[in-house]
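Subject: Structure handover

Hello,

Here is the structure I promised you. Please open it and keep it beside this email while you read.

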Amino acid sequence: MNDYYETLGVNRGASAEEIKRAYRRQSVRLHPDVAGEAGAGEEAEEQMKALNQAYQVLSDPDKRAQYDMGVDPFATPGSSGAQGFGGFGDFLDAMFSAAAGSMGPQGPTSRRRRGRDLVDVLSIDLAEAVFGTTRDATISTFARCDSCEGAGTAPGTQMARCGACGGRGVTTRIVRSLLGEIATQGTCPTCQGFGSTIPNPCPACTGAGRVRSRVTVPVDVAAGVATGDRIRVPGQGEAGPGGGPSGDLYFDVRVRNHPDFTRDGDHLHCTVQVPMTAAALGARLTLTTLDGVQEIDVPPGAQPASVVIVPGLGVGRLRRKGRGDLHVHLDVQVPDADDDEQRDLLRRLAELRGETLPEAQLATSGRGVFTRIKDKLAGP
């Protein structure tokens, strides 16, 4: 009969909430986004099917009660799930086990198991996404016990061979049937199938070989990462029970908004205010970018919403060489002309351009600079 408790990684006394949490953790571990190539293929699909089947049984009180009595709700007739039918079920179980060349569990089971994978969120600034960085992230996890080095035994002591099963991890019982006595094997209840016991558990970890702890992990953030990307840190997940290997650690990236710059793929965008005279005559502006202070050339005759592109000052390309561009959007400012001298100068400019009595024309792409100047001169 399938061991659904072992599949979910919980003990037989686990609550419904503990079973639900265990199912969610295992589902995340087996998800292709987390497991990568290991999460694809027939083996991963079979593991996910087994996990779903275990959860369907243990999350249903009635099915769980049947299973605890020895009846597997998913077992086919004649399989080991027929154990719940008393002596005849035990007889069938022994018969089929013998036909397969086995008399039940082949212990002992190793205490060493791989730790679970962990998923956390890593928030970074836009500049860190542009250039890449190394961040220290503090997480709560299971770490290997330093006191016993993962063994689970108190310092100076060792595990003892289980007296109930002689270290085999299985016990044998005799089933009486109409055809005589048949020997069957099951997991040893004294040592839980490990073949050994811990007479003197480590006081720091109570025999688990690991302790709850907060650890700081360095995380390499590649240039070009974006919100929604996932970073894998191998071997930094939960330490495995019994001194087993650690799982992996994953970070879902969140890039914080910047007050001045916005991102569009590999490019950055910003808006700068430009005086009307600078837009008309051209100018060299000083702009503080993520790379420091840069000089930006505004071409003569620049119009509102014109864009000056600065190559190579955008976002670093993820897993590729080079960077995107910086797009500087110009916001041309029309002077208020709130004194006579300024208004005379603007009227003189209008006369020189032949715009004192302009004809109204429909514009296809917004209003030009000098249209906005005339609006100012006209007053309210």
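Start at Ser 196. Leaving out residues up to four places away in sequence, Ser 196 touches Arg 111, Met 159, Ala 160, Arg 161, Cys 162 and Cys 191. You will find Ser 196 in strand S6, which covers residues 196–197. Is Ser 196 buried or exposed? Its relative accessible area is 14%, so Ser 196 is buried. The cut-off for buried is under 20%.

One caution before you go on. This is a predicted model.

**The whole protein**

The protein has 380 residues, and buried residues make up 33% of them. It contains ten helices and 15 strands.

**An exposed residue**

Thr 288 lies in strand S12, residues 283–289. Its relative accessible area is 55%, so Thr 288 counts as exposed. The cut-off for exposed is over 50%. Which residues does Thr 288 contact, leaving aside neighbours within four places in sequence? They are Phe 261 and Val 293. Thr 288 and Asp 260 are 28 residues apart along the chain, and their C-alpha atoms are separated by 10.0 Å.

**Strand S9 and its partners**

Strand S9 runs over residues 249–255 and is mostly covered. Six of its seven residues are buried. Strand S1, residues 118–124, runs parallel to S9 and is joined to it by seven bridges. Within this pairing, Asp 120 stands opposite Phe 251 of S9. Strand S8, residues 230–233, also pairs with S9. Here the sense is antiparallel, over four bridges. Val 233 has Leu 249 of S9 as its bridge partner.

**A four-stranded sheet**

Next, find the open sheet of four strands. Their order is S10-S11-S15-S14, and the pairing is mixed. Which strands are at the edges? They are S10 (262–264) and S14 (307–310), and each pairs on one side only. From one strand to the next, the twist averages 35 degrees. S10 and strand S11 (residues 267–275) run antiparallel, joined by three bridges. Asp 264 has His 267 in S11 as its bridge partner.

**The nonpolar cores**

The largest nonpolar core holds 39 residues. Which of them touch the most other members? They are Ile 124, Val 219, Phe 251, Leu 326, Val 328 and Leu 330. Leu 330 is worth a click. Not counting residues up to four places away in sequence, Leu 330 touches Val 272, Val 274, Val 298, Ala 302, Pro 304, Ala 305, Ser 306 and Val 308. There is also a second, separate core of 14 residues. Among them are Tyr 4, Val 10, Leu 30 and Leu 58.

**Aromatic pairs**

How many aromatic pairs does a search of the whole structure find? It finds three. To describe such a pair, give the distance of the ring centres and the angle of the planes.

Take Tyr 4 and Tyr 67. Their ring centres are 4.9 Å apart and their planes are at 35 degrees, so the pair is tilted. Stacked needs planes under 30 degrees apart, and edge-to-face needs over 60. This pair links distant parts of the chain. Tyr 4 is in helix H1 (residues 4–8), Tyr 67 is in helix H5 (residues 61–68), and they are 63 residues apart. Tyr 4 is buried, with a relative accessible area of 1%. Tyr 67 is buried as well, at 2%.

Then take Tyr 23 and Tyr 55. Why does this pair count as stacked? The ring centres are 4.2 Å apart and the planes are at 15 degrees, so the pair is stacked. Tyr 23 is in helix H2 (residues 16–30) and Tyr 55 is in helix H4 (residues 42–58). They are 32 residues apart, and this pair also links distant parts of the chain.

Last, Tyr 4, Tyr 5 and Tyr 67 form one aromatic cluster.

Best wishes

Note on methods. Residues are numbered from 1 along each chain as its sequence is written. This is a predicted model: local features need pLDDT of at least 70, side-chain atom pairs count only at pLDDT 80 or more; totals for chains, interfaces and linings use all residues. Side-chain values use heavy atoms; hydrogens and water are left out. Two strands pair if DSSP finds at least two bridges between them. Helices (H or I, at least four residues) and strands (E, at least two) are DSSP runs, numbered from the N terminus. Axes are lines fitted to C-alpha atoms, for helices over the stretch in contact, and angles run from 0 to 180 degrees between N-to-C directions. A nonpolar core is a set of buried Ala, Val, Leu, Ile, Met, Phe, Trp, Tyr and Cys residues joined through side-chain atoms within 4.5 Å. Buried means under 20% relative accessible area, exposed over 50%, partly exposed in between (1.4 Å probe, protein chains only). Contact means heavy atoms within 4.5 Å. Rings of Phe, Tyr and Trp (its six-membered ring) pair if their centres lie within 6.5 Å; planes under 30 degrees apart count as stacked, over 60 as edge-to-face and the rest as tilted.
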